[in-house]
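Thanks for coming, everyone. Please bring the structure up on your screens, and I'll walk you through it.

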Number of protein chains: 2
Amino acid sequence: MARRPTGGTEVFVAVLYSIIKPNNYQDSLRLMRLSNTLATADGVDRVSVMMGTQMNKDILRDAGLVTGDLDGATAADLMIFADVTNEDAGRALVAAVDLFLSQQAQRSATTKMPVVRSLEHALTVLGDANLAIVSVPGEYAAAEARRLLDRGINVFLFSDNVSVEDEIALKEQARDQGLLVMGPDCGTASICGIPLGFANAVADGNIGLVGASGTGLQEVMVQVDRLRGGVSHAIGLGGRDLSAPVGGLACTQALRALDADPGTDAIVLISKPPAPEVRARVLDLAAGLSKPVVAALLGERPERPGTGNVRYAGTLEDAARVAVELAGTHSRRVAAPGPGQHCIKALYTGGTFAAEAASLIAESLGVDVSSAHDDGYLLRADGHEVIDLGDDAYTRGRPHPMIDPSVRNDRVAAAIADPQTAVVVLDVVLGYGSHPDPASVLAPTVAKGLAGAHDAGRDVTVVASVCGTERDPQVLSVQTLALEQAGVVVMPSNSAAVRHALSILNRRPAPARVTSAAAGPIAQLLSQRPRIINVGLREFADALIEHDASVVQYDWSPVAGGDKRLQRLLDALR
Amino acid sequence: MARRPTGGTEVFVAVLYSIIKPNNYQDSLRLMRLSNTLATADGVDRVSVMMGTQMNKDILRDAGLVTGDLDGATAADLMIFADVTNEDAGRALVAAVDLFLSQQAQRSATTKMPVVRSLEHALTVLGDANLAIVSVPGEYAAAEARRLLDRGINVFLFSDNVSVEDEIALKEQARDQGLLVMGPDCGTASICGIPLGFANAVADGNIGLVGASGTGLQEVMVQVDRLRGGVSHAIGLGGRDLSAPVGGLACTQALRALDADPGTDAIVLISKPPAPEVRARVLDLAAGLSKPVVAALLGERPERPGTGNVRYAGTLEDAARVAVELAGTHSRRVAAPGPGQHCIKALYTGGTFAAEAASLIAESLGVDVSSAHDDGYLLRADGHEVIDLGDDAYTRGRPHPMIDPSVRNDRVAAAIADPQTAVVVLDVVLGYGSHPDPASVLAPTVAKGLAGAHDAGRDVTVVASVCGTERDPQVLSVQTLALEQAGVVVMPSNSAAVRHALSILNRRPAPARVTSAAAGPIAQLLSQRPRIINVGLREFADALIEHDASVVQYDWSPVAGGDKRLQRLLDALR
């Protein structure tokens, strides 16, 4: 509404535009983009952009933003309502809508991915499709999912506002066919490293996740990645899967599938508190699996760490930490030691770091901490060595290695060059009193050593923690960057660095993902990169293409103008 | 040794230089600098630089690097031994030594700090000195420390190679006088935020540390700082304090002093495994203190989390985490909520983050999690709110807030503007599917809101976690930086963000550090910025000056040319 002062009188003029674009279905993301574009145009006071569903029409009528008769608009019709300052602005608005839609059409035409407008066509393009992402509006989602299951295709059902009855029916059908339905309202999954829906770019690895919770899966994936672990699959269930009515139908399938998956060594189960009877059933199942399971049931504060192969975590971050401890580092980003490389060489300038490392390594590998501490050795067993170079044996008449880190360089070079070495662990201590730039002393030695090992056909990992802050004279981030550029893996604490070293030692080569067809469609799904039909939000396809997945885009729009009765009739006729 | 081919014959010529600079004491750091300078000079093959102590003379003789008679050299004489290619190189070496020493003398003359050459002179300059840093060679350290104790001065004894008998004698004398001896071989301490020895620049706060371990103290200080906690004092003990012979003499004093210190709310005790009888005595004492104690006894794997006010931590990082949980955020960097600001407003785009927050807040504050989840509220009690903005109630007909974070902006602005709000907690979810730049949407709203609250005289904290990786399309570090620049405190996980919010809520104003003289010299030491005599390594004074401490530099050199018998005689005469 524009306020136009004319002399002493004030006149208010409301110029309301209603624009209906018939048969012009736009997903929620494009609606938002169009809305943002129009809202910032000159002379536009208020604007609403939506599809002509019955619910939207009801809302609009209540808001009083509507001129003209909307009864004829269908769920496939695009509706724009605006309050503009004058008719020029209104005409500009109409032109802006047309421009947006034509640009959108051009943009679609330039992607290389095949785009179809029916499931049948999608299946002629990608005959061996075994997974579909469904993100159509909730009222149409169950029917689309059912059609996909009928064709033997696993479903990632992103759509929300699907009834619990539909969810149960879909999941029972899936179970009977040996297929998986992730969702409805499933925000996140990752299958063989291919992100589905909302998902983060994390390292491939050996931790399998099952979650009735989208951001719960994302947080555990991210935290696992930060701890240098990796993810085999993240299977979303939808938020209601562990409720009493649904009874953990998908959870049961997912846990069994990950237990059978040769690429998964540990499983994390993430959920808001499940229904008690479902909780008991799922945890009984977990306790019977062959692999360790970390259960993060948010809202339950674990009294005990768990029994047998099941451990409880109080937070998502804890769940990730325990999983990485159990599964080890298996990420493809992490170097795999060769068969002869079975030792950790830990060379410390700080005595307590050395003591902490010796204690963690001794406990993990079942060896003894040195009691004599001869020559600063805090541990010396099976080729593993933890040395405190600040020990009196090294500092008599010489500066402490925290003041002069160069006294460690020869030993670092020798440790990297030792053909038995898998991992070298170091500390870099910043702060007052310490060397003004310890990374500059250490980095060239590490870089040269790693290059030499690489030339000799060995992958050696050098892992360090930097004890310091941004306000220390040496500046934490500056030192960290210099070390990383030399090839050092920098961990956030000494204990994290040692645990990382231990996990590298325990790293086994990733098994090939081969599963016989006899194992069923879910095992097949987890054994090789999925072939995907993306039904709905085109943005989800971008991530698939980026990950070189086989994908066909099914540009869905409501059939029969969104008329439910007619749709049911068409469904019945198919 | 130079190899000089002359025709068909090969002739090897060794040109060895020995340079003695009488009465020219240099500390270990300067010896290293001189050594580095000479080692890179042209024509120098090998070089050794050291003081003329008996031990060094023995080592040199064994190494065969010596020409000439060393018997006359004393501990106050500088000795340089070099293997050079020819006599020109040798002459250049002599000149280089002279140049270094004259530059060193000039450099000393330019610092503003008062520099003296005797303890008596130091005390005329800084009559109320109550702390000394002693970093003279070990063989002279006990005598210096004793002289300081005799004058009622607490001692931070950095020197190593001090006998255990001397340690016990010093600590018993200190105990009887109510003074503290930190060390010998004490690498690290921090008293009232003043770093002593090797120490990091961390936030001032309410966690007091006691450690028989230098880098152990450093790691806990650094990890406390990373978790946004702060340190009141870090009291080093020296690595042998908890051994059977020393019996925890300094540890006992330090624990009692921190328990009495009004600026300390929780205590962390760090040690390699103590002698069993000392362990029992110290933990009995800890159990009787009025404040919580976190014991990180490295090498002991805690079976139980502890009893009463004593909790056990398995690693240094764990110790820091537990301490921050117990003590809360008390760092001066963190805003203190005003008396009317008593609420946490948590506004989430991710449902599981909201559930995790509701669970942690409910447990900590003893309120109930909402069971109805009306309008996405997962918790609503005493003004605290946890809302899941991805709830169906908010997404019908609209994009999910992870796709369009702007739908949260109005609520963020309202939450910051609410005079009851102490902390606003947010999630920012990166990854495929999410908004391409969520920080750009959120940051202006936060910056504007915080400015408004500040104008209204309120300090509101906005804390967030960013769920994402560096390889996500939005890039973790880019998003983090944009949020931090807008004034958001970014924590490494959602649970860390919620715990930080809870600790701000529990934050009390820091008490003034005032302790009556009647409480004794250690209480005095912890109650106000110490006045310090720095005996030895001048580099330690740099950090003191940077922290505006009152300091006098005592440029120590061995009296009587390092003759021990003569020194004892002089000691006796004083």
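**A short tour of two chains**

Helices (H or I, at least four residues) and strands (E, at least two) are DSSP runs, numbered from the N terminus. V475(B) is not a glycine, yet its phi is positive, about 65 degrees. It counts as partly exposed because it has 16 C-beta neighbours inside 10 Å. The scale is this: 20 or more other C-beta atoms within 10 Å of a residue's own means buried, 12 or fewer means exposed, and in between is partly exposed, with C-beta atoms placed from the backbone.

A word on what you are looking at. This is a predicted model, where local features need pLDDT of at least 70, side-chain atom pairs count only at pLDDT 80 or more, and totals for chains, interfaces and linings use all residues. Residues are numbered from 1 along each chain as its sequence is written, while chains are lettered from A and ligands numbered from 1 in the order in which they are written.

Back to phi. R228(B) also has a positive value, about 70 degrees, and is not a glycine. Find it in the loop between α7 and β13 (231-236) of chain B. Is R228(B) buried or exposed? It is buried, because 24 C-beta neighbours lie inside 10 Å.

Now the cis peptides. In chain A, one joins G183(A) to P184(A), with omega about 5 degrees. P184(A) lies in the loop between β9 and β10 (188-191) of chain A. In chain B, the bond from G183(B) to P184(B) is cis, with omega near 5 degrees.

Next, a sheet in chain A. Six strands form an open sheet, ordered β6-β24-β23-β7-β8-β9, with parallel pairing. Strands pair if DSSP finds at least two bridges between them. At the edges are β6 (115-116) and β9 (181-182) of chain A, each pairing on one side only. Strand β7 (residues 131-134) and strand β23 (residues 531-535) of chain A share four bridges. Within that pair, A132(A) stands opposite I533(A).

Last, where the chains meet. How many residues does each chain bring to the contact? Chain B gives 67 residues and chain A gives 68 residues. Contact means C-beta atoms, placed from the backbone, within 7 Å. On the chain B side, helix α7 (residues 214-226) supplies the largest share, eight residues.

That's the tour. Over to you.

How values were computed
Contact = placed C-beta atoms within 7 Å.
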